[in-house]
Amino acid sequence: MSGDVRVRFAPSPTGHLHVGGARTALFNWLFARHHRGLFILRVEDTDAARNRPEYAQAIYDGLRWLGLDWDEGPDKGGPYEPYLQSRRAERHLQVARELLQRGLAYECFCQPRTADNVADGSSLASDDGDEENVGGANSFAPKTTLACTCAKLSAEERDAKREEISPALRLRVPKGADFVVEDLVRGTVTFPNDMVEDFVLVTGDGRTLYNLAAAVDDHDMAITHVIRGEEHLANTPKQQLIYEAMGWKAPRFAHIPIILNAQRRKLSKRDGATSLVEYQAMGYVPDAVVNFLALLGWSPGGNRELLSRKELVELFDLDRVVKHPAIFDTAKLGWLNKEYIKAAPVSDLAARVTAFIDADHRRTSAGADWKIIPSYVEKVAALLHDRVKTTTEVLELGSYFFTRGPIAPDPEAVAKYCTEPVAIDRLREVRECLARLEPFETHDVEQAIRQLAAAKGIKPSEYIHPLRVAVTGKSVSPGIFEVCSILGRDVVLQRIDALVAFLRAADATAKAGR
RNA sequence: GGCCCCAUCGUCUAGAGGCCUAGGACGCCGCCCUCUCAAGGCGGAGACAGGGAUUCGAAUUCCCUUGGGGCUACCA
């Protein structure tokens, strides 16, 4: 492939960047970078009813978070400005007029068949369609075919009708031959001729429509490869028709498989976390998300799974994109993210955790009212970095590190390790042992407790488990000696006392209840 | 409904006629390690949707069936 590859990502700003769109953007970006071509961002904001300017910003933010940089776009300009589709309407109209003048399009005076009026009864919840697969159930099933005879109207008839009705413009679709799309991932796809009717280019009130706009823009922006979701496959003949009518060379097309939810449906907003920002908020790392997304519908062959951005760029190409849809498997994303966290230095994790705490305490379920000292967070991160799938899990799994007040013991943990009356004795014994321990480093705590157990002739775990419940409130934690030493003696003793009090109270209640 | 696309373990996939008693990864299960949980090590269960055809030989080619998905608009 030559060095003049130009691809584009063309979202419509109707919401945050979702994972399907992000994957389409990624494939385009990887293709561009692999072939040393250019990646262009074009915002298709022509549906005024559904677009919101702030969402364009959300899309930029999402792409930047993933590290997908674009070479030309609405915010940074380029040789084919503007990159905002709404600002190209005049150009689209110009092409439509040319088509009309040359007799390749004609005026149509029929009642519009819209989503609202064509489907009797069945509602058509308009999808967040754009150049990416978004979600939305669409039960639209038109029963009508085009019964329009406007193509045959004489000039006089048209003049007469124009008095009352402002006409739409339809492309005169050639009859006879089938339509063929040479798709880079699907091969040759043939559509029967009667499947493509004379479609509308410009509405009665003068708005240019998607197929026209997309084709014109792709041509004007010298796009060489259109890489987009499979839901656009059926649109492709229409766009090719426009290229043909205008005598333009069409780009190559590559329709990549849809991403499905766990129910095997097109991923929609109702499927939980489908927006990129949600993954950002949950503490996923961009490289892991990129790695995961790349593997959705593409594989490098062989047994490679963990791939850096650089490797992805080297390895990626369209010929290894699969044809079947892929299900978004959050479990695997979690594993990948964990691998990325483990592979990165502890200081990275610490920095991410700190950023989360700084950004918004209340965002974490654990809350964070502990004074944030970098060296402290670093120690906590070191303990948890092999155990967490996401950054925010540090705050959850290690909630007791970030809580100053009393910690509520997990009832199950209490039931498992502190039921017997003996638990209180054990706790008092460890307390006594730790109260005079100096220094209070991991090694010291461990040695003290093991010696205590040896002296009493019992297993160290007899002390360890109740201690863990006291200090963490949980039955699960990193090594308890490390935890104790990080927390410090004061906090440890305080929590032991609290648990003893709690157990006594529970015991008293139980007795009173009898 | 019509048209189009697709079909390998639960999931992501490798596989481009003999290398396949189908490989890897996630997940799951068991064992080891061990203060619990992770991490790490070892092991295990788990798939070519079905049926025809072509061929000496098919997961790989063709056809049908079934299943899934997408599209269907004066939305993108």
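In this predicted model, for which local features need pLDDT of at least 70, side-chain atom pairs count only at pLDDT 80 or more, and totals for chains, interfaces and linings use all residues, an open sheet of three strands has the order 3-4-7 with antiparallel pairing; strands (E, at least two residues) and helices (H or I, at least four) are DSSP runs numbered from the N terminus, and pairing requires at least two DSSP bridges between two strands. Strand 3 (105-108) and strand 7 (200-202) form the edges, each with a single partner strand, so one side of each has no neighbour in the sheet. Neighbouring strands are turned by 45° against each other on average, direction ignored, where axes are lines fitted to C-alpha atoms, for helices over the stretch in contact, and angles run from 0 to 180 degrees between N-to-C directions. Strand 3 pairs with strand 4 (residues 168-171) over four bridges in the antiparallel sense, and alanine 105 stands opposite leucine 171 in strand 4.

Of the 78 residues around RNA strand B, Asp47, Arg113, Arg265, Arg387 and Ser477 come nearest, a residue being near if one of its heavy atoms lies within 4 Å. Sugar and phosphate account for 69% of the atoms of RNA strand B that come within 4 Å of the protein. Helix 11 (330-343) gives the most to this surface, with five residues.

Residues are numbered from 1 along each chain as its sequence is written, chains are lettered from A and ligands numbered from 1 in the order in which they are written, and side-chain values use heavy atoms, with hydrogens and water left out.
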